[in-house]
6 protein chains.
Amino acid sequence: MARKDGRTPDELRQVTIERGWSEQAEGSALVSFGRTKVLCTASVLPTVPRWMSGKGKGWVTAEYAMLPRSTNERMDRESVKGRVGGRTHEISRLIGRSLRAVVDLRALGEVSIAIDCDVLQADGGTRTAAITGAYVALAEAIAWAQANGRIPKSATPLIDSVAAVSVGVIDGEPMLDLAYVEDVRAGTDMNVVATGRGLFVEVQGTAEGAPFDRRELDALLDLALAGTERLTAIQRDALEGAGA
Amino acid sequence: MARKDGRTPDELRQVTIERGWSEQAEGSALVSFGRTKVLCTASVLPTVPRWMSGKGKGWVTAEYAMLPRSTNERMDRESVKGRVGGRTHEISRLIGRSLRAVVDLRALGEVSIAIDCDVLQADGGTRTAAITGAYVALAEAIAWAQANGRIPKSATPLIDSVAAVSVGVIDGEPMLDLAYVEDVRAGTDMNVVATGRGLFVEVQGTAEGAPFDRRELDALLDLALAGTERLTAIQRDALEGAGA
Amino acid sequence: MARKDGRTPDELRQVTIERGWSEQAEGSALVSFGRTKVLCTASVLPTVPRWMSGKGKGWVTAEYAMLPRSTNERMDRESVKGRVGGRTHEISRLIGRSLRAVVDLRALGEVSIAIDCDVLQADGGTRTAAITGAYVALAEAIAWAQANGRIPKSATPLIDSVAAVSVGVIDGEPMLDLAYVEDVRAGTDMNVVATGRGLFVEVQGTAEGAPFDRRELDALLDLALAGTERLTAIQRDALEGAGA
Amino acid sequence: MARKDGRTPDELRQVTIERGWSEQAEGSALVSFGRTKVLCTASVLPTVPRWMSGKGKGWVTAEYAMLPRSTNERMDRESVKGRVGGRTHEISRLIGRSLRAVVDLRALGEVSIAIDCDVLQADGGTRTAAITGAYVALAEAIAWAQANGRIPKSATPLIDSVAAVSVGVIDGEPMLDLAYVEDVRAGTDMNVVATGRGLFVEVQGTAEGAPFDRRELDALLDLALAGTERLTAIQRDALEGAGA
Amino acid sequence: MARKDGRTPDELRQVTIERGWSEQAEGSALVSFGRTKVLCTASVLPTVPRWMSGKGKGWVTAEYAMLPRSTNERMDRESVKGRVGGRTHEISRLIGRSLRAVVDLRALGEVSIAIDCDVLQADGGTRTAAITGAYVALAEAIAWAQANGRIPKSATPLIDSVAAVSVGVIDGEPMLDLAYVEDVRAGTDMNVVATGRGLFVEVQGTAEGAPFDRRELDALLDLALAGTERLTAIQRDALEGAGA
Amino acid sequence: MARKDGRTPDELRQVTIERGWSEQAEGSALVSFGRTKVLCTASVLPTVPRWMSGKGKGWVTAEYAMLPRSTNERMDRESVKGRVGGRTHEISRLIGRSLRAVVDLRALGEVSIAIDCDVLQADGGTRTAAITGAYVALAEAIAWAQANGRIPKSATPLIDSVAAVSVGVIDGEPMLDLAYVEDVRAGTDMNVVATGRGLFVEVQGTAEGAPFDRRELDALLDLALAGTERLTAIQRDALEGAGA
């Protein structure tokens, strides 16, 4: 079955990661999954949250947000509404957990890294693009911190890399990296976060339409791991090449 | 390996569901998973949210909250803080999605059912207990609505039942229905929502410690489906017996 | 004149106090005034509010809230609305003042006791039930704190007990402990908080319909003091019996 | 016992009511109880709250607030804090109830009157001054509305007048109209709202120190009724004289 | 062209400044520009904002607000809405900047002065009246602080005075100190803040209707400086005369 | 005097405007003033605010915000703080007013255009870059709306163009288009909004250090008008060239 944009079921959209986009942040990446564009920045902060203070460990936190007209119809700003919505909260927490899964917090020392993922344009898969880009920004910030004496040069804070991709079942067929029009039609929708070594960090599968069985679940997991493996390679290229 | 409370790895805590606890709500259930106690009420409302209006379909929504001293240390009230936290939002959304997966919204007509899950006492697994109890409250409310002319008697709004359970890997061993002290120690933590027929509605697995591999994931899914099967039986008993 | 539930004008509804309901809180009581049910917990905290710090005195504070479907029609949650309403504030302050009236704050040392009164089911008189149950939770928590070295065993923090009841004039006749349907019809409505020794802590009388004269006021006060005397006995039984 | 300002125990502070202070509002009064000054305005609005709509009845509502430096130490603004405090809520509700007790809402027609009581300078008794001044603003606004065709000329919306005063026990002696330094020292503190005919609208007595007995309560009520009688006369003079 | 109130184009409304209006604040002024009345208080606080702490400098801050019925139609309270509006924020910031322009913050020592400008009645020009009155309250508070040992007697915290006035173009003619009905009709609207020595602190010109050219701008600036010169004289009189 | 980046005092930074950056919005522009980058989108909405409804006129509104790490140090998100700050409010209002000054609202019909200006990277002059880019996004959106039947093709909604630039006095010398390091040092700081025809829409001059005199004001206005003239030409090129 042909996808609207001509991809095969197991094909990612065109993925680009522009490392070092920001001249202000210690780490940054502008990541695109097709028309989805997310600006990820990493800020190195000299303190940890109060509840962690004095334990000799660092922290990694993340905030996700969408620009009001990143989507097809304008959304009200959460700052103007005066409260952060449930979906925003949920994705921010997911990004933070995913990154912490590959960081040795003890190796950071009492340093926080605050990741901001702002969706400039949305076309499905914003949370998985955000995780994938955020890892690059994080790695760049850690390198900066080690070069600038904020984290010991001898430390190894990153114990693996992490990337994420969506998968879903459309008209009975499992597909990789759903664009918005596909996401809307998918009966089952799953986001998979995996490490560069191919281990799971987070598996979130939801029956949007009919509940799904074990066989479908297995097919989706296979597809997702193949996708995160390719994203891992793109991340490596972005980190090895010269920054923007 | 013996669990602290003497259970085997694949054993649920003592689960009770007291249907009809409330004399005010159209449906209600006080559900206990061991020391975890959640009061679930279902309110039948004559309107649907504005964005659904005029489509001839109903809606099911849910809100989850914890009493401030349901936990071992007192938490500040979200009403006093003036904002609902990310975890609360996330669980409320999960409960709503889980219930809607077994409801034929068209069969409801333009009626909403608002589920409230308030944790009176917490000892791990509050979200899975909430989903399991909420289904019973929902079923009771739908029966009430059909008996009282709010939903046509000929309609079949419930297309399946739904229950949920947590599973996790502790010291390398997969375990069912984690109590709080177990949850804290679990390396991988998964919540599984499944229907009475044994299909998945939601799978949320998180590596709290080291990332997990496919084999662990498979073992956890097996354990969880066995657990939801037993919860389905307890739900059926609660609905077939006389209410409180 | 017969009351709807068959009581005489000077008769309380069936009052039960289940001490030690919670396995988490230092003190707790599930109190029922007929169909009105309030869960009261008392949390012993090792600090006092900043403005009291360093004075060698303790503090007792209270928060009251209603579950959204404790009432006949579902109310929106105050956490979701993002603000605590006027009635909630008012009752929380009343409960706190009433309890502090029988506590020697100096005898507590720099310890706070936070009382939470959550209405699980409402049928009139929730604030008076809350005060009556809160006293029992408070007394249990103080006993716990003295047994566990948080408050000196030699101290006598409780200088009296405290209970509360509503009274009102319905069709010209003063009545004790109004249920919701009575409360709605009452011309004058009064809440009286009194100590075990029969002294007034708080008298709040409001003309809901026509203003009232001195004679009516006197009759209501007589009725209320008889009511709080009986509630005092029920509190004593709850505290002397074994906890839940 | 001499009071600090030389008054006898049953003496009001100097009370002045400047009717028609505002050139914008339909009714207004600048009321002083000694150094306590409250600006009361009454706004005639052509609608009623949604829940009252279509019943052919009007509504009277009130909001109370203190300027940040009305007190001896500057308080933060509630608008800046983003929430209205419990005390503010409580007093606003009290003022609204007190005024509605002397208004025939049916005679207003579907018209609301919004009372604003802003404390310009505070020296104790701000809520009782506010009620006393608010009645004058209300009466002026109703007269305006009847003269301007908003309320039928033939209607009699005001069925009585209403005034309020504080009383308290200081060093064992009941005293009328407490200034701030007296209020702080009072063991029992009571606010009494009464009509021009001498009937009670609201009685709120609180034991700030030791609980109080029936005899003290009786003495305070006597004192308060004598005070509201004098305030009623001052209100009448303000309404009969020419406005500001 | 005659103005509605008979003034010539370059004539101020009647301006009065009642210094020392408040018996609570360290400095205060009730300022009237015609029917516009603003109560300005200045509070001397022993601390500076955290971000200024330890620099040996003081701070001056300001908050502006309008009473709900200061205007022709009642506005909702910002405390009740739970947020401070854009216009309020903007004016508060303007007042603070204007006052700081004439204060040597180093001469204050680590002392803050909090200015509150509350509009009791509004008829155009509330922000310019507020600045003009706030300066008088500030000067009185600084004198108090020097007399009471909070600021060294030898210091000279005030390096100039500051006043403000509005100007606008109505039907092609530049006019000084616009009343509300004039403000509504003005094509160009400008607020000018200037020091007693005739230097500009702030110039804010806005084309409400058609954009304006350089010639108009020049005429408005001339008119404004003549106005602030007269206001400076009135401020001096208020400060030299005895306070209220 | 040489500027840090080598510019002459009357030289703009490198200004680029990438029209049509967004594939979602009806109009968009990514504008750079040196390192300052602002993404401006324009959304065509089929309704007007309620207070304008039924008047046959349209509306243009604007919201400005900064990404948390657009600046040198990370700022907290306003959505997380739960309130929009004063500076944000002020700039949003300025952008909206500036755009409306060149729009014939009657020619729009009952259509709103919502402008969002999000600062991706900040290095001084974000509000002036935002206005300059917002005009281009607005013009593109109006062209879209006329091509798509939302606004009559025969209408002429744009009556002029609008651009903005900052000017300031540094060490006595007036300079154009201040970068952040210059802005911090400027004694007087002015933002000027002017139309393509060279008329003023808004003039906002502030003495950050010493107050300024008429001669300085004149020099700054000359410099600013030369700057907006050049920006007008760049806007015209962006609108005449093909979009991104």
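**Close-up 1. The neighbours of A:Arg87.** Setting aside residues within four places in sequence, A:Arg87 is in contact with A:Tyr64, A:Met66, A:Thr126, A:Arg127 and B:Arg93, where contact means heavy atoms within 4.5 Å. This is a predicted model, in which local features need pLDDT of at least 70 and side-chain atom pairs count only at pLDDT 80 or more, while totals for chains, interfaces and linings use all residues; side-chain values use heavy atoms, with hydrogens and water left out. Residues are numbered from 1 along each chain as its sequence is written, and chains are lettered from A, with ligands numbered from 1, in the order in which they are written. A:Arg87 sits in helix α2 of chain A, residues 86–100 (helices are DSSP runs of H or I with at least four residues, strands are runs of E with at least two, and both are numbered from the N terminus). With a relative accessible area of 29%, A:Arg87 is partly exposed (buried is under 20%, exposed is over 50%, and partly exposed is in between, using a 1.4 Å probe and protein chains only). Its side chain makes a polar contact with that of A:Tyr64 at 3.1 Å. Polar contact here means a pair of N or O atoms within 3.5 Å; within protein, one must be able to donate a hydrogen and the other to accept it, and residues adjacent in sequence count only if both atoms are side-chain atoms.

**Close-up 2. The annotated binding site in chain A.** An unreviewed UniProt entry puts the label "binding site" on A:Arg87, A:Gly125, A:Thr126 and A:Arg127. They span 41 residues in sequence, but no two of their C-alpha atoms are more than 13.5 Å apart, so they gather at one spot. UniProt positions follow the numbering used here, feature names are shortened, and annotations may be inferred rather than shown by experiment.

**Close-up 3. A:Thr126 and its surroundings.** A:Thr126 belongs to helix α4 (residues 126–147) of chain A and is buried, at 7% relative accessible area. Residues up to four places away in sequence aside, A:Thr126 touches A:Thr36, A:Val38, A:Tyr64, A:Met66, A:Arg87 and A:Val119. What does the side chain of A:Thr126 make a polar contact with? The side chain of A:Tyr64, at 2.6 Å.

**Close-up 4. Where chain A meets chain F.** Here 35 residues of chain A are in contact with 35 residues of chain F. Together the two chains bury about 3000 Å², 47% of it on carbon and sulfur atoms; buried area is the accessible area (1.4 Å probe) that two parts lose on being put together, summed over both. The rule finds 14 salt bridges across this interface, each a side-chain nitrogen of Lys or Arg within 4 Å of a carboxyl oxygen of Asp or Glu. One of them joins the side chains of A:Arg69 and F:Glu26 (2.7 Å, N to O). On the chain A side, β3 (36–45), β4 (59–66), α1 (78–81) and β5 (112–121) each supply at least two residues, and β5(A) gives the largest share, six residues.

**Close-up 5. C:Asp118 reaching across to chain B.** C:Asp118 lies in strand β5 of chain C, residues 112–121, and counts as buried at 3% relative accessibility. Its side chain makes a polar contact with the side chain of B:Arg77 at 3.0 Å. Neighbours within four places aside, C:Asp118 is in contact with B:Leu67, B:Pro68, B:Arg77, C:Lys37, C:Val38, C:Leu39 and C:Ala65.
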